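Hi,

Here is the structure I promised to pass on to you. Have a look at it first, and then read on for my notes.

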Amino acid sequence: MNSYDLIVIGGGPAGYVGAIRAAQLGKRVLLIEKERPGGTCLHWGCIPTKSLLKCAELYDQIQHAENFGLKVSGVEFDFPKVIARSRGIADRLAKGIEALFKKNKVEHLTGVATLKEGRSVEVKLANGETQTFQPERVLLATGARPRLLPSVKVDGEKILTSREAMVLSKPPKSIVIIGGGSIGVEFASFFHAFGSQVTLVEMLPQILPFEDEETASELAKQFRRRGIQVFTETKLEQCETSANGVKLRFSGKDPAAAEMEVEKVLLAIGLEANLEAVPSGLLKLEKGFIHANERYETSMPGVYGAGDVIGPPWLAHVASYEAVQAVEGMFGVHTPKRVTIFPSCIYCQPQVASVGLTEKKAKELGKKYRVGKFPFFALGKALAAGDNTGFVKLIFGEPKGEILGAHIVGAEATELISEVNLGMTMEATRDHIVATLHAHPTLSEALAEAAAASVGEAIHG
């Protein structure tokens with residue numbers, strides 16, 4: 001029973017994908033997960049939040065139905081049903097993963113796993129029993145969880161992490177979101193749509209700190225236009241619960257953010273690795289995450305890592321890619337690759353998506369480049385759809401016109417970015433984008449126009 005080729009610890013996008021790929025290679029695989037397969041992404045992240053955001057987007061659109069010549073009155077929302085829909089989708093997909101395990105003959109055990117010296121794995125089951133395994137290889141895919149502030153006590157009622165925020169019984173009257181990264185802006189968009197007074201606070205000079213400056217500035221402008229307060233270069237100094245909610249004190253450049261009292265606070269300041277499966281000192285860490293070499297192998301021979309637990313970028317699609325590469329590498333299919341080109345997608349309204357270098361990074365690297373921008377307000381499809389805010393920004397190297405980066409803020413940005421991502425993977429150039437016939441009318445025309453704009457040849461811009 002202990003003769004496994006691979007034991008995977010963690011059932012999220014890295015864990016379950018890695019387990020299935022190993023099974024496809026004819027290996028005997030056991031996956032250990034303390035909850036249901038799917039991990040944070042499926043149960044408490046990517047999937048349920050996108051369900052919530054879609055509900056928020058639809059409700060917001062109905063509020064502005066008159067812009068389309070439609071008369072709608074008496075529209076209300078059932079917030080518990082909004083939440084229940086997201087939970088139902090997560091449950092359905094979890095069942096799908098379990099079916100994939102059965103199809104691919106991946107064995108699955110529910111329990112808390114601990115890596116031991118000599119690559120053994122100890123598992124504590126729900127009934128209190130303990131089992132020990134000695135596999136040929138181990139893949140650590142335990143993911144990450146919301147990072148907390150030592151001075152702020154999360155109580156799950158007034159002070160929340162993203163996990164509590166997505167199962168509230170009703171939208172708060174007022175909420176301060178501390179952290180302007182992807183999680184923060186998505187929840188800001190969601191709660192605002194359902195009537196909450198939202199304040200978004202970021203310590204760094206811009207929200208979405210890892211995105212292009214122009215993209216972040218445009219999103220902040222659109223948020224403020226809709227009534228979401230946005231404060232940057234603002235640091236939390238004090239946070240304490242009161243009878244009415246939470247009292248906060250900040251320091252920063254804007255006096256308006258000095259003191260606040262709100263119903264709830266959401267901490268969205270980043271992630272930290274889930275290391276419960278790794279006893280202290282057993283493996284080498286790097287900035288709080290498990291160190292993995294170019295082959296995804298950790299400091300213990302035969303033990304590999306993939307996904308959020310080995311550090312950024314903390315993206316589900318990157319985690320799955322890493323797991324496949326790690327598995328194919330450990331079993332000799334090919335030399336594994338580390339991810340270099342990957343899309344970042346943020347599902348607030350308006351959406352934000354990017355791939356490759358920001359303009360700031362291109363300057364820092366001393367790249368010679370051209371920028372092409374095209375606004376959605378000049379695009380027929382965007383006007384017809386009633387969603388024409390934002391722009392496409394493409395960065396091309398000179399003199400060959402290779403794609404260095406792409407940054408989109410606006411309608412369906414998270415879908416449009418795939419064209420550029422494919423282009424970068426195939427080493428396409430500006431000329432390839434311009435020469436590709438984009439259907440009319442579509443939002444994707446903005447990509448061709450932006451590419452042409454980089455050399456002053458945009459037709460409609």
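**Cysteines**

A disulfide joins Cys41 to Cys46, with an S to S distance of 2.4 Å. Please keep in mind that this is a predicted model. The torsion about the S-S bond is -130 degrees, which makes the link of Cys41 and Cys46 left-handed. Cys41 counts as buried at 16% relative accessibility, while Cys46 is partly exposed at 27%.

How many disulfides are there by this rule? The count comes to one. Cys55 is buried at 16% relative accessibility, and Cys345 is buried at 18%.

**Aromatic rings and charges**

The count of aromatic pairs comes to eleven. In one of them, the ring centres of Tyr4 and Phe133 are 5.9 Å apart and the planes stand at 70 degrees, so the pair is edge-to-face. This pair links distant parts of the chain, as Tyr4 belongs to the segment before strand S1 (6-9) and Phe133 to strand S5 (residues 130-133), 129 residues apart. Both Tyr4 and Phe133 are buried.

Another pair is formed by Phe79 and Phe194, with centres 5.6 Å apart and planes at 80 degrees, so it is edge-to-face. Here too distant parts of the chain are linked: Phe79 is in helix H4 (residues 79-104), and Phe194 is in the loop between helix H6 (182-193) and strand S10 (197-201), 115 residues apart. Phe79 and Phe194 are both buried. Ring pairs also link them into a cluster with Tyr59, Phe77, Phe187, Phe190 and Phe191.

Two arginines are worth a look in your viewer. The charged end of Arg87 sits over the ring of Trp44, 4.2 Å from the ring centre. The charged end of Arg430 sits over the ring of Phe396, at 5.4 Å from its centre.

**Strand S15 and its partners**

Which residues cover the two faces of strand S15 (residues 264-267)? Lys264 and Leu266 lie on one side, Val265 and Leu267 on the other, and all are buried. Strand S8 (residues 159-160) pairs with S15 in the parallel sense over two bridges, and Ile159 has Val265 as its bridge partner. Strand S9 (residues 174-178) also runs parallel to S15, and four bridges join the two. There, Ile175 has Lys264 as its bridge partner.

In soluble globular proteins, nonpolar side chains tend to be buried together. The largest nonpolar core in this model has 52 residues, of which Leu115, Val121 and Leu140 touch the most other members. Helix H8 (residues 316-330) gives the largest share of this core, five residues. Leaving aside residues up to four places away in sequence, Leu115 touches a list of residues that includes Val121, Val138, Leu140, Ala277, Leu282 and Met300. A second, separate core holds 38 residues, among them Leu52, Phe190, Ala193 and Leu200.

Leu52 also turns up next to a serine. Ser86, found in helix H4, touches Pro48, Ser51 and Leu52, again not counting residues up to four places away in sequence. Ser86 is buried, with a relative accessible area of 1%.

**Backbone details**

Two cis peptide bonds may interest you if you plan to set up the backbone yourself. One joins Glu398 and Pro399, with omega about 10 degrees, and Pro399 lies in the loop between strand S23 (390-397) and strand S24 (403-410). Another joins His440 and Pro441, with omega about 0 degrees. Pro441 is placed in the loop between helix H12 (430-435) and helix H13 (445-453).

There are positive phi values to note as well. Lys105, not a glycine, has a phi of about 60 degrees. Lys105 is in the loop between H4 and strand S3 (107-115) and is exposed at 71% relative accessibility. Glu412 has a positive phi near 55 degrees. Glu412 is found in the loop between S24 and helix H11 (413-425) and is partly exposed, with a relative accessible area of 37%.

Best wishes

Conventions
Residues numbered from 1 in each chain as written. Heavy atoms only, no water. Disulfide = S-S within 2.5 Å. Buried < 20%, exposed > 50% of the residue type's maximum accessible area, 1.4 Å probe, protein only. Phe/Tyr/Trp six-rings, centres within 6.5 Å; stacked < 30°, edge-to-face > 60°. Lys NZ or Arg CZ within 6 Å of the ring centre and 35° of its normal. Pairing = 2+ DSSP bridges. Core = buried A, V, L, I, M, F, W, Y, C linked by side-chain atoms within 4.5 Å. Contact = heavy atoms within 4.5 Å.
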